[in-house]
Amino acid sequence: MKAMILAAGRGERLRPLTEKIPKALVEAGGKPLIGWHLERLAASGLREVVINVSHLAGQIVDALGDGARYGVRIAWSREPEPLETAGGIANAQRLLGAEPFLLVNGDVYCEYDFSSLFNIKLENSLAHLVLIPNPPHHPKGDFTLERGVVGNAPAPRYTYSGIAVMSPALVAGVPAGEKAPLAPLLRAAAEQERITGELYAGLWQDVGTAERLAELRAHLGSDHSSNHADR
């Protein structure tokens, strides 16, 4: 199985920090956010990683190179302008291949064991989502989960963690190079009961805002001032 890390976004809500450093390279716990993902992917046994880049792409490529120091091989999917999630996946399809792949949002910190997803068989499903209890900033959640099937019922709802096993068929209708969000595709597939899922109750932190980044740094024991890119 290959993995794709989403790292093309501009990180608008983290400005002005992300005007000079891409969100994927913002540090917490003494490491860039994307470095935590790469280390955990390598520890799980996964070796092939596709990363999409756009905003300040050169910094990410220069920092990670071919991935050797993390124990992985990185293939880069470049986007002249960010294509949103589904657009980014479709644009990277030539690198991902025809088999289901592991998808990871680059702007979250999570201690989930990626190896537990390697044996997921999608069969007639289009995706398998890792859901989490709703965090304070997203109290209404995204999906329901009943007997391992993800749905759109009113309650109880959970939040999509940004971690999934995904079939390329989910984005088959998105032309390469075009912008397209992922959420509508997931909701349509959920309506057809073509998404499975699981609930993860371990440590997870979205770092989409300065406040949530500060929370993560405090949790990991990272001094906010230690990141030279903040100054």
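Student: What makes the pairing of Glu-39 and Lys-31 a salt bridge?

Tutor: In this predicted model, the side chains of Glu-39 and Lys-31 meet at 2.7 Å, N to O, and since a salt bridge is defined as a side-chain nitrogen of Lys or Arg within 4 Å of a carboxyl oxygen of Asp or Glu, the pair qualifies. Side chains of opposite charge can pair when their charged atoms come close. By this rule the count comes to six salt bridges. Because the model is predicted, local features need pLDDT of at least 70 and side-chain atom pairs count only at pLDDT 80 or more, whereas totals for chains, interfaces and linings use all residues. Residues are numbered from 1 along each chain as its sequence is written, and side-chain values use heavy atoms, with hydrogens and water left out.

Student: Why is Glu-39 called partly exposed?

Tutor: Buried means under 20% relative accessible area, exposed means over 50%, and partly exposed is in between (1.4 Å probe, protein chains only). Glu-39 has 33% relative accessibility, so it counts as partly exposed, and Lys-31, at 25%, counts as partly exposed too.

Student: How do you know that Asp-107 and Lys-23 form a salt bridge, and what does the pair tie together?

Tutor: The closest N and O atoms of Asp-107 and Lys-23 are 3.1 Å apart, and the pair forms a salt bridge. Helices (H or I, at least four residues) and strands (E, at least two) are DSSP runs, numbered from the N terminus.

Student: Are these two residues, Asp-107 and Lys-23, buried or exposed?

Tutor: Asp-107 has a relative accessible area of 17%, so it is buried, and Lys-23, at 15% relative accessibility, counts as buried as well.

Student: Why is Asn-52 called buried, and what does its side chain contact?

Tutor: Asn-52, placed in strand S4 (residues 48–53), has 3% relative accessibility and therefore counts as buried. Its side chain makes a polar contact (a pair of N or O atoms within 3.5 Å; within protein, one must be able to donate a hydrogen and the other to accept it, and residues adjacent in sequence count only if both atoms are side-chain atoms) with the side chain of Glu-79, at 2.8 Å.

Student: What makes helix H3 largely enclosed?

Tutor: Six of the eight residues of helix H3 (residues 84–91) are buried, so the helix is largely enclosed by the rest of the structure; among them are Gly-88 and Ile-89.
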